[in-house]
Amino acid sequence: MGRITLDKVRKAFGDVEVIPPLDLRIEDGEFVVFVGPSGCGKSTLLRLIAGLEDVTDGEIRIDGTDATRLSPSKRGLAMVFQSYALYPHMSVRKNIAFPLKMAGLSQDQIDAKVNAAAKVLNLDSYLDRRPGQLSGGQRQRVAIGRAIVREPSAFLFDEPLSNLDAALRVGMRLEISELHKRLATTMVYVTHDQVEAMTMADKIVVLNAGRIEQVGSPLDLYRAPRNVFVAGFIGSPKMNLITGPEAAKHDAQTIGIRPEHLAVTDGAGTWTGTVGVSEHLGSDTFFHVTVEGFDTPLTVRAGGEVSLHYGDTIHLTPDPAQLHRFDAQGLRIA
Amino acid sequence: MGRITLDKVRKAFGDVEVIPPLDLRIEDGEFVVFVGPSGCGKSTLLRLIAGLEDVTDGEIRIDGTDATRLSPSKRGLAMVFQSYALYPHMSVRKNIAFPLKMAGLSQDQIDAKVNAAAKVLNLDSYLDRRPGQLSGGQRQRVAIGRAIVREPSAFLFDEPLSNLDAALRVGMRLEISELHKRLATTMVYVTHDQVEAMTMADKIVVLNAGRIEQVGSPLDLYRAPRNVFVAGFIGSPKMNLITGPEAAKHDAQTIGIRPEHLAVTDGAGTWTGTVGVSEHLGSDTFFHVTVEGFDTPLTVRAGGEVSLHYGDTIHLTPDPAQLHRFDAQGLRIA
Amino acid sequence: MATQHSRSAARVMMAPAVFLLLVWMLVPLILTLWFSTLDYRPMRGTFDCCEGLGNYTRFVTSSAFLSSVVTTLQLVGGVLLITVIGGILLANLLDQPIWGQGVVRILVIAPFFVMPTVSALVWKNMFMNPVNGLFAHLFKAFGLQPIDWLSQAPLFSIILIVSWQWLPFATLILLTAIQSLDSEQMEAAEMDGAGPLSRFYHMTLPHLARSITVVVLIQTIFLLSIFAEIYVTTGGAFGTRTLTYLVYQRVIESQNVGLGSAGGIIAVILANIVALVLMRVVGKNLDA
Amino acid sequence: AQAETITIATVNNGDMIRMQRLASHFTEMHPDVTVEWVTLEENVLRQNVTTDIATGGGQYDVITIGTYEVPIWGELGWLQSLNDLGDDYNIDDLLPAVRGGLTVDGNLYASPFYGESSMVMYRTDLMEAAGLEMPEAPTWDFIRDAAAAMTDRDNEIYGICLRGKAGWGENMAFLTAMGNSFGARWFDMDWTPQFDTEAWSNTLNFYIDMMTQSGPPGASNNGFNENLALFQTGHCGMWIDATVAASFVTNPTDSQVADSVGFALAPDNGLGKRGNWLWAWSLAIPSSSDAPEAARQFIAWATGPDYAALVASEEGWANVPPGTRTSLYENQEYLDAAPFAAMTLRSMEAADPTNPTVDPVPYTGVQFVAIPEFAGLATEVGQFFSAALAGQTTAAAALEQAQELATEEMEAAGY
Amino acid sequence: MARAVTTRRKIAYTALAWAIGLTIFFPILWTILTSFKTEAAAIADPPVFFNFDWTLENYAVVQERSDYMRYLWNSVALAVGSTVLGIIIAVPAAWSMAFVPAKRTKDILMWMLSTKMLPAVGVLYPIRLILIETGLLDSKGALIFILMMINLPIIIWMLYTYFREIPGEILEAARMDGAGLKAEILYVLTPMAIPGIASTVLLNIILAWNEAFWTLTLTTIDAAPLTAFIASYSSPEGLFYAKLSAASTMAIAPILIMGWFSQKQLVRGLTFGAVK
Ligand SMILES: Nc1ncnc2c1ncn2[C@@H]1O[C@H](COP(=O)(O)OP(=O)(O)OP(=O)(O)O)[C@@H](O)[C@H]1O
Ligand SMILES: Nc1ncnc2c1ncn2[C@@H]1O[C@H](COP(=O)(O)OP(=O)(O)OP(=O)(O)O)[C@@H](O)[C@H]1O
Ligand SMILES: [Mg+2]
Ligand SMILES: [Mg+2]
């Protein structure tokens, strides 16, 4: 009821191979998030699954049957677009009803389903408005409503929250997570916001230049990034990556330590540095510390009440259990 | 050299009073951030200062002289717009040179200043490109460059980073902070992102429906929000606000406790609740905990390695020193 | 944006255009109004005062008036129908992937550049002439009796000629509009199970509403004053006399300036009524 | 004399264009005069010239106008008198009928450039093939029968080509002249329109029946030019139209049937009037002209007796503008070169503008009524008749509409 | 929509589009072809397409009769002159409407458009009388002014719709940068609106070029453009298809060529704010 398998799927636009052959299994009911830097092929991959692009090679199976050549409307998937792609000339009700109308349902059935969806999404009072009269979050909900009513075997989301402001984003993030819990339908979700990825996903797929760098649960990726790319990409603020003699001490090409795993120690510590800019968030403070011999300043997370000032000298000690080591190929050394 | 005083400034669009009479002093060299929810009048206030809108009543003084009726170009201020507002038909060099040309400087002087600004902002190698050929961050820098060369008595920024993606935003945030350190010129900065507000401001002005809710340093606002609105607005995730009998116990209409000031205690605690959705960021975990008798779930921040699951029962203890109390008017009880 | 400063500047900047248009409208209009109350027939040497509303009653009650109004509406309506429908179809076709799209577009645009007089002359003589015209040759080649277009289907022929000239305009505007249709919206509709026809009906057409409005508005303004095409082809015979043409006949052919001026004023009034109706019916589309 | 520029407005027909070409001879003789040409299609020309002269615009110094306008405009004082065009002009050489039409109160207001009547032009070969012979002065019945006999629709040969295009100078010129031979008239002596008479009914029905039976398709859009093209390309058996056409249809470079064209007088019905008209394209000087002296010199040159010789020497006698001067028809060279000359002269002499109809009328003009209202009225009536020819309405209905309109207009005009 | 379109469908679309395109273009093509024929070939039945004796004779005849270059120059002067003048007047007006909208702006715009509905012939006498009084009959200046007035509403409307799409923030930025009104319009707005202005210019050149009522009734020699030129060929006697075609080709060729060269620009701009 929502198992999607990609088998050696390859995509080239003309001569440019955007996605080299790639295998992926998405299990029924899973919430899978594709993350990766801009232009890495996230949207393309999603559109291949949707059928909005033709695969160049390989096979896409949905629930075991070959869907590679099926038209988008036949795949039983629903998609929520970044721009929401609402139909501007139709009321919210009509927008949500559109897929049902296309499926040839009777007006009664349509009404029932639309009302049910509107209730779930708290859209009751907006049903007769046009999309242009809605706020960003409401539009987003309409787009989801349009997807829900079809009872698809899987939902595809392409950066659905990127047009919303920060506060709304947090709210909608929770709503989508809850929706997933409630419907237990497969969801494939594209984002480049790693907070979204971490908080929503059952399984994260990290993409880089069309290649899968790592697949795993959010915490797997956080705890054991398979390579330098994933290490740098997952976690906020970014993991500090240190090369050179310091790394060599640990028999590695590169070592990595997250800001939250660096302790500010009184008196003595592993490293000594000078405090640069500090960012006080109230709950936390991020210090940028320049350590002699390191190429880039280290970011250190401390509590909200720590008082250190520009130019202070401090001592830092990494949590050895949380030290990541990578070899010359950038791969994790276990 | 950059002192801006608003004296009973009022603004109405037609019959709608967007900004009720308001007083504000911005000291020379200060970095002042206006925050507030969307539509609260941040941009309007900034544009009043800039002279892009007429004040309905009241007086604006810049460095002591009345600027209320001065045209924007005469106020000696520079503005950086949300959309950057670069001149698309001019090269980067021409963009930056434009205000100088308008001021009637000689070509030699212009060149010197443009080159100096470009060096400061790392734009040397893009000077002959058009804005359309630049990335978001570079455009942002050009916009700042255009503002810098005029050596204004104050900079005005209207959500300058909101069009950038998360990673870039962090970088530009630091750059602007550093610029402020370097130039020591007054900056008035509008944002609705409270991370920006917290990390950049010397002084935050919290606006709500055109009214000033509180003015103070970021940590002042974090530690001692003057009312419920500020309490809820400053801090991420939001402060938990609890009303009803639990608040009455503390002789207050509402009590507030930030997610980071709730400890998960073994065995016993002040409150007992059930874990709902949890968001694992790796470094931290946010739990949404439903406590019997509370209207809304509490958000609790815990470390990255805490393992609690949906439905677990836990005990929570607030840090009493960090408990905020508010009266029936929503004002802080000291 | 709106400071006192810019508002007063705006007033100053609007002034020349508004002033010129006002003068351009009022001076001839007032003179025409004045003439319309005179018995002004240069060929009789009369320039006599005070026909009152006589010219108006004569113009309106003359047997030609009503039919000319009907003809005008038929002509405008017919051309609008052909160009809008044709424009939509053609724009959709040109939006498809085809080889040599640029060249085809050039071919389609070309009639828009042709002077109305020239196009009427060419169509009348070289195509619609029942003996030497190309259509006649074509009909004969198929063993059919050639049609005498301009007398057997005069209004239709004129509509055809005018449509030929205006189809490019409609096509261009609608094509640009179609190309601006958000592709994600189309994809969403496709995901929602809409076939090509449904997509056309439910997405493309509503999206085009605004552009169609513009086409209708602009074309109506121009079509109401169609002249050369009628003058060259039928000279107003066979029920092709529009209101504009009737005024022309009164002023130029009968040299009855008073009567013609009354007709002109009536034409202005009717045109503005049409415009008002148009604005009411479709105008709200303009301000989406 | 100081340099002057004259602006000449003229029709775009062959003779005028020839005049334009030959104008260099004029400017050689008058180096102080510069000549500017405005050559326009007939209707556009009339429209522009009329509005210009009516508003006193003074755009033109020499205008080309017809016999219809001259008396009206002359009377209104819009034209300068041309009584003294110089001794060389030889005013008495002008054909009396033509001269009469251009004279008001003893003043000549326009000098004829060429004159024309109408006559029957026919294809001798087709006539022969039909086993008929064209009399010099045919009757309408003969024309009708001959047309039917010559028609061969399969080969696109139509027995008769006549004007059908609406316009006072197009179908109404023909029909008015034809009506004259049927005893019809526009108005009776009280200026009452006469379209409700038997005579008009006969005229129009005869015309329509004959055209339906033997005319080309689309006749209701054919004017002089269309018919000329049809005749030159061999589609017409007979064509009743302006005598000037004779030189075109007999000119082998333009006409495919040049060697088999015969001429006859316009038909009659035995009522004493023939269905032919009288027209002259003439040059006149508007009162508003600012270079009347140079204009006068030009007119004297272009319509003077020497012009014929000039054309003859440059382009041959056949191209000399006909129908204005008696001397031309006494010139043997011309008569030799123009086989239609004699018939043209006879036709012109047969037209009587002062007494055009069988029953008396209060107006002058053969194929028009010399009142200012005529052009507008006749054009609209022409549209009714043209529609009847096209089969969109019946002859009876067209006549009824015409009567109604004419009554309306005449009342409004104060008759 | 980057899914492969089957070649078969593409061929079908291409064939259909070309067929329609050529049909629409055919009258022009036919006119151009005919202009190179002899009069006899021009009416030949069956019609000849390319296999006739090409001749330039018609052009020679036409040129001999009327000085084409003078008409052409007048057409160019009228079209360009009226358009430039119109733009100069329209830019400030459109700026006001687009950036300082008032409640009445929309009404003013509609009123402006409605002035285009005045039937020209109805006001022919008044206009003529005014020109005669002022001695401006047959002067290019007067005609440029009249053509400008006729098209001014369209120019203003087009510019207005373009300007509306230019973010006001950029103009505000210029103001903050110390630009006065003149500098704002001259250095910032106008250059940014170049594509829009260009297509407005193009469209208006076409409209002015093809205007055939005023140019015909108010000119004789000095200001007569190609519309007057063509009026002397509309129905000469005898066979005239080839000569008519030659004259027609000469009258439309300049604007057709200009239109084709700038069609990208024209297409891009010819939207009257119809889109978005
Ligand atoms: N239709 C197309 N033709 C050619 N190249 C394309 C096309 N669509 C996408 N690409 C290229 O494929 C690559 C992947 O694009 P894609 O949109 O999938 O990236 P993305 O990961 O979604 O990026 P973003 O986060 O910016 O949305 C990019 O380099 C892009 O330029
Ligand atoms: N020109 C205007 N005319 C009428 N009302 C206006 C105008 N400009 C702004 N407003 C209203 O004034 C209020 C404040 O707007 P403003 O743009 O200052 O909000 P803001 O705080 O900047 O919001 P945001 O964070 O969304 O940018 C809003 O309610 C808005 O609708
Ligand atoms: Mg993407
Ligand atoms: Mg704002």
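1. Ground rules. This is a predicted model, so local features need pLDDT of at least 70 and side-chain atom pairs count only at pLDDT 80 or more, while totals for chains, interfaces and linings use all residues. Residues are numbered from 1 along each chain as its sequence is written, chains are lettered from A and ligands numbered from 1 in the order in which they are written, and side-chain values use heavy atoms, with hydrogens and water left out.

2. Who sits around ligand 1? Look for Phe13(A), Val18(A), Ser38(A), Gly39(A), Cys40(A), Gly41(A), Lys42(A), Ser43(A), Thr44(A), Glu159(A) and His192(A); a residue counts as near if one of its heavy atoms lies within 4 Å. Sorted by class, that shell has three nonpolar, six polar and two charged residues. Here Ala, Val, Leu, Ile, Met, Phe, Trp, Tyr, Cys and Pro count as nonpolar, Asp, Glu, Lys and Arg as charged, and the others, Gly among them, as polar.

3. Zoom in on the oxygen atoms of ligand 1. One is 2.4 Å from a side-chain N or O atom of Thr44(A), and one is 2.8 Å from a side-chain N or O atom of Lys42(A). On the backbone side, an N or O atom of Cys40(A) lies 3.2 Å from a ligand 1 oxygen. The protein covers 58% of the 640 Å² of accessible area that ligand 1 has on its own (Shrake-Rupley method, 1.4 Å probe).

4. Which helix gives the most to the shell around ligand 1? That's helix 1 (residues 42-50) of chain A, with three residues. Helices here are DSSP runs (H or I) of at least four residues, numbered from the N terminus.

5. Now for ligand 2, in chain B. Its surroundings include Phe13(B), Glu159(B) and His192(B). An oxygen atom of ligand 2 is 2.5 Å from a side-chain N or O atom of Ser43(B), and a backbone N or O atom of Gly39(B) lies 2.7 Å from a ligand oxygen.

6. Finally, hop over to chain E. Trp73(E), Val76(E), Val80(E), Val84(E) and Ile88(E) make a nonpolar surface patch, with about 460 Å² of accessible area together. Val80(E) lies in helix 4 (residues 68-99). Why does Val80(E) count as partly exposed? Because its relative accessibility is 39%, and partly exposed covers what falls between buried (under 20%) and exposed (over 50%).

Definitions and conventions. Patches are made of residues with over 30% relative accessible area and no salt bridge: like charges are joined within 9 Å, nonpolar side chains (Val, Leu, Ile, Met, Phe, Trp, Tyr) within 5 Å. A salt bridge is a side-chain nitrogen of Lys or Arg within 4 Å of a carboxyl oxygen of Asp or Glu. Helices (H or I, at least four residues) and strands (E, at least two) are DSSP runs, numbered from the N terminus. Buried means under 20% relative accessible area, exposed over 50%, partly exposed in between (1.4 Å probe, protein chains only). A polar contact is a pair of N or O atoms within 3.5 Å; within protein, one must be able to donate a hydrogen and the other to accept it, and residues adjacent in sequence count only if both atoms are side-chain atoms.
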